[in-house]
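Please read it alongside the sequence and the model.

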Amino acid sequence: MSGVSRRRLLGTGALTAAATAAATAVNASSASASPASATAAAPPGGAAASADVVVVGAGLSGLCAARDLVAAGRSVIVLEARERPGGRVYGMPLGDGTTSEGGAEFIGPTQDRIAALAADLGVGTFATYNTGKNVYYRNGKRSLYATDGLLGAVPPDWGVFDLQLALLSLGNMAKSVPVGEPWKAPKAEEWDSQTFYTWSRSNSFSNGARFLMDAFVSSTLSVRSRDVSLLYVLNYIASAGNESSPGKVDRLINTRDGAQELRFVGGSQEIPVRLAAKLGDRVRYNAPVRSVGVRDGAGAG
């Protein structure tokens with residue numbers, strides 16, 4: 001693909017939303033400085049604040065960007081529309097005082113950056129419950145299988161042999177996909193021109209294998225295999241690795257030695273909450289950004 005691709009445009013837009021920077025001062029309406037005291041946005045005509053950089057959104061990306069900018073000596077303001085940090089990393093308090101995650105629940109091998117961030121902030125982990133038998137129900141039949149068997153999270157279906165061949169092929173293709181830049185893959189256009197459903201039907205023979213591949217996509221991406229491109233799935237698989245260990249499907253679906261191996265003590269939202277606390281009143285809650293203006297020679301405002 002040449003020129004500005006659809007994915008590059010979307011990727012650039014996401015980065016812009018995460019951190020809108022200006023070389024000179026940026027004006028922003030002030031709002032509440034902590035989740036506990038935030039009840040409403042600053043009233044019209046409220047005091048203006050200025051900074052070298054304004055970060056839009058107090059999710060993990062925005063908070064990490066702000067942290068790095070502060071470390072580099074820049075003045076920063078983070079504007080968050082909600083009354084809390086974290087974005088999709090959200091904890092839901094339960095009646096017994098524990099927390100269940102509404103998003104970003106697990107951590108596993110090769111997720112080195114979030115592991116390092118959690119350790120730096122003093123957020124511990126504990127093993128995900130993985131004891132007993134799993135239940136596999138298909139075509140009106142119920143069967144049990146071990147959580148720590150040879151096939152990991154893959155259930156005992158006659159299509160498993162067919163499935164393993166397809167997963168091996170997916171893993172090999174994923175190795176050629178640059179993480180975060182899937183459009184640079186040698187066969188990006190070909191892979192992006194077909195859905196995962198189309199590919200799975202062309203590369204398997206049994207109904208069991210096809211059923212399980214559909215289940216893989218729906219459980220990891222929360223979409224149907226008809227609704228996502230093969231390239232997207234390959235990029236997702238590639239992202240389940242690091243510099244020394246390529247991404248693979250097994251790591252995405254397994255609990256033991258997989259992406260669901262551990263959880264965070266207090267819930268995953270502890271990470272953005274503690275990161276925001278370190279930034280202090282630089283983070284402004286209930287402060288939705290509705291427009292970004294550009295002034296000639298004077299940055300954004």
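Of the 301 residues in the chain, 38% are buried, where buried means under 20% relative accessible area, exposed means over 50%, and partly exposed lies in between (1.4 Å probe, protein chains only). The model is predicted, so local features need pLDDT of at least 70 and side-chain atom pairs count only at pLDDT 80 or more, while totals for chains, interfaces and linings use all residues. Residues are numbered from 1 along each chain as its sequence is written, and side-chain values use heavy atoms, with hydrogens and water left out.

The chain exposes about 16,700 Å², and carbon and sulfur atoms supply 54% of that area. Accessible areas come from the Shrake-Rupley method with a 1.4 Å probe; for residues, only the protein chains shown count as cover. The chain has ten helices and 13 strands. Helices (H or I, at least four residues) and strands (E, at least two) are DSSP runs, numbered from the N terminus. Among contacts with a separation of 6 or more, 65% involve residues 24 or more positions apart; a contact means heavy atoms within 4.5 Å.

**Helix α3**

Helix α3 covers residues 112-121, and Leu-117, Ala-118 and Leu-121 are buried in it. Viewed down the axis of α3, these buried residues fall within an arc of 100°, so they line one face of the helix. The arc is that of the directions from the helix axis to the C-beta atoms. What do the buried residues of α3 pack against? Their partners are α2 (60-71), β10 (262-264) and α10 (270-279). Ala-119 and Asp-120, on the other side of α3, are exposed. Just after the helix, Gly-122 takes a positive phi of about 80°.

**The sheet around β10**

Strand β10, one of the elements that α3 packs against, also belongs to an open sheet of three strands in the order β6-β10-β7, with antiparallel pairing. The edge strands are β6 (106-107) and β7 (125-127), each of which pairs on one side only. Two strands pair if DSSP finds at least two bridges between them; β7 and β10 are joined by three. Strands of a sheet pair through backbone hydrogen bonds, either parallel or antiparallel.

Arg-263 lies in β10 and is the bridge partner of Phe-126. Is Arg-263 buried or exposed? With a relative accessible area of 17%, Arg-263 is buried. Arg-263 and Phe-106 are 157 residues apart in sequence, yet their C-alpha atoms are 4.8 Å apart in space. Leaving out residues up to four places away in sequence, Arg-263 touches Thr-99, Ser-100, Glu-101, Glu-105, Phe-106, Gly-124, Thr-125, Phe-126 and Thr-128.

**Salt bridges**

The structure holds eight salt bridges, a salt bridge being a side-chain nitrogen of Lys or Arg within 4 Å of a carboxyl oxygen of Asp or Glu.

| Arg-201 | Asp-214 | 2.8 Å |

For the pair formed by Arg-201 and Asp-214, Arg-201 lies in helix α6 (residues 196-202) and Asp-214 in helix α7 (residues 207-221), so the pair ties together parts that are 13 residues apart in sequence. Arg-201 is partly exposed at 24% relative accessibility, and Asp-214 is partly exposed at 21%.

Arg-274 and Glu-270 both lie in helix α10, four residues apart, or about one turn of the helix. Arg-274 is partly exposed at 31% relative accessibility, and Glu-270 is partly exposed at 24%. Elsewhere, salt bridges that share partners join Glu-101, Glu-105 and Arg-263 into one network. Arg-263 also touches both of these glutamates.

**A nonpolar surface patch**

Which residues form a nonpolar patch on the surface? Val-135, Tyr-137 and Leu-144 do, with about 320 Å² of accessible area together. Patches are made of residues with over 30% relative accessible area and no salt bridge; like charges are joined within 9 Å, and nonpolar side chains (Val, Leu, Ile, Met, Phe, Trp, Tyr) within 5 Å. Leu-144 sits in strand β9 (residues 141-146) and is partly exposed, with a relative accessible area of 46%.
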